[in-house]
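I opened a new notebook page for this structure.

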Amino acid sequence: MFVAKHLKESSVCEYLLYMWQVEDTIRAFGLDIDRIEAEYVSRFQLDEARERMEVQWYGDLIRMMQQEGCSQKGHLQINRSTLSLLVDLHQTLLQSPKQPFYSAAYYKALPFIVELRARGSKDVGELETCLNCLYGVMMLRLQGREVSDDTQQAVAVISHLLALLSDAYKKEKQGELEL
């Protein structure tokens with residue numbers, strides 16, 4: 001909860017990746033709040049009040065996953081809504097003559113996006129494809145598996161695009177984005 005709140009304010013794309021990881025963590029523990037508390041949250045070494053808040057947050061997410069039918073796969077509505085806001089902002093930035101650096105980063109990432117979409121689901125939008133790429137590489141690294149040089153190059157370009165998007169999102173929330 002504390003990490004998610006910080007990331008949502010500082011880097012919304014990192015927030016989404018973190019929340020996807022939280023969803024997968026909840027699934028890995030079988031949506032069992034007692035296991036999450038005993039085997040996961042307890043490792044954070046939080047004071048009692050913060051630990052209760054964290055456990056409550058995980059419990060709330062479990063209930064939402066069950067109610068929204070994403071206990072096995074998929075993403076919570078709160079995460080899909082955040083992604084939708086990012087897609088709208090992405091389109092706005094691409095159309096803005098005041099955002100040439102964003103457009104340049106997008107067109108640099110576009111060949112990688114096209115290649116990734118050709119390999120994966122064509123029903124997934126460009127930004128979700130970018131996030132899926134970063135999430136997949138993060139999972140590979142957590143498993144200690146090697147990431148090819150070509151993939152690392154794609155990740156660097158996509159990460160730059162998403163960093164610019166996160167920065168624009170933050171500026172928009174603060175009323176400082178020039179379009």
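Predicted model: local features only at pLDDT ≥ 70, side-chain atom pairs only at ≥ 80, totals over all residues.

**Entry: helix α4**

I started with α4, residues 48–68. I checked its length against expectation. At 1.5 Å a residue, its 21 residues should span 30 Å, and the end C-alpha atoms are 30 Å apart, so the two agree.

Next I asked which residues of α4 are buried. I found E54, V55, W57, Y58, G59, L61, I62 and M65. Then I looked for what they pack against. The partners are α1 (2–10), α2 (12–28), α3 (33–40) and α5.

At the start of α4, a side-chain oxygen of D47 comes to within 3.2 Å of the backbone nitrogen of A49. Just after α4, G69 has a positive phi of about 70°.

**Entry: N79**

I moved on to N79, which sits in helix α5. Is N79 buried or exposed? Its relative accessibility is 1%, so I count N79 as buried.

I then listed its contacts, leaving aside neighbours within four places in sequence. They are Y15, L16, M19, W20 and E23. With E23 there is also a polar contact: the two side chains are joined at 2.7 Å.

**Entry: α5 against α6**

How do α5 (residues 77–95) and α6 (residues 100–119) pack? I read an angle of about 110°, with the axes 8 Å apart. Angles from 65 to 115 degrees count as roughly perpendicular. The pair α5 and α6 is therefore roughly perpendicular.

I wrote down who meets whom. From α5 come H90, L93 and L94; from α6 come Y102, S103 and Y106. Sorted by class, the residues of this contact are four nonpolar, two polar and no charged.

**Entry: helix α8**

I turned to α8, residues 149–173. It has 25 residues and reaches 36 Å from first C-alpha to last, close to the 36 Å expected at 1.5 Å a residue.

Its buried residues are A154, V155, V157, I158, L161, L162, L165, S166, A168 and Y169. I checked what covers them. The cover includes α1, α2, α5, α6 and α7 (126–142). Just after α8, G175 takes a positive phi of about 75°.

**Entry: α5 against α8**

I came back to α5, now with α8 as its partner. They pack at an angle of about 95°, and their axes are 10 Å apart. I therefore put α5 and α8 down as roughly perpendicular to each other.

On the α5 side the contact uses L85, L86, L89, H90 and L93. On the α8 side it uses L165, A168, Y169 and E172. By class, I noted seven nonpolar residues, one polar and one charged.

**Entry: L164**

My last stop was L164, found in helix α8. Its relative accessible area is 26%, so L164 is partly exposed.

Which residues does L164 contact, apart from neighbours within four places in sequence? I found F101, Y102 and A105. I also looked up L164 against S10. The two are 154 residues apart in sequence, and 12 Å apart in space from C-alpha to C-alpha.

Terms used: Residues numbered from 1 in each chain as written. Heavy atoms only, no water. Axes fitted to C-alpha atoms, helices over the stretch in contact; angles between N-to-C directions. Helix = DSSP H or I, 4+ residues; strand = E, 2+ residues; numbered from the N terminus. Parallel < 35°, antiparallel > 145°, perpendicular 65-115°, else oblique. Contact = heavy atoms within 4.5 Å. Nonpolar A, V, L, I, M, F, W, Y, C, P; charged D, E, K, R; others polar. Expected span 1.5 Å × (residues − 1). Buried < 20%, exposed > 50% of the residue type's maximum accessible area, 1.4 Å probe, protein only. Polar contact = N/O pair within 3.5 Å; in protein donor to acceptor, adjacent residues only side chain to side chain.
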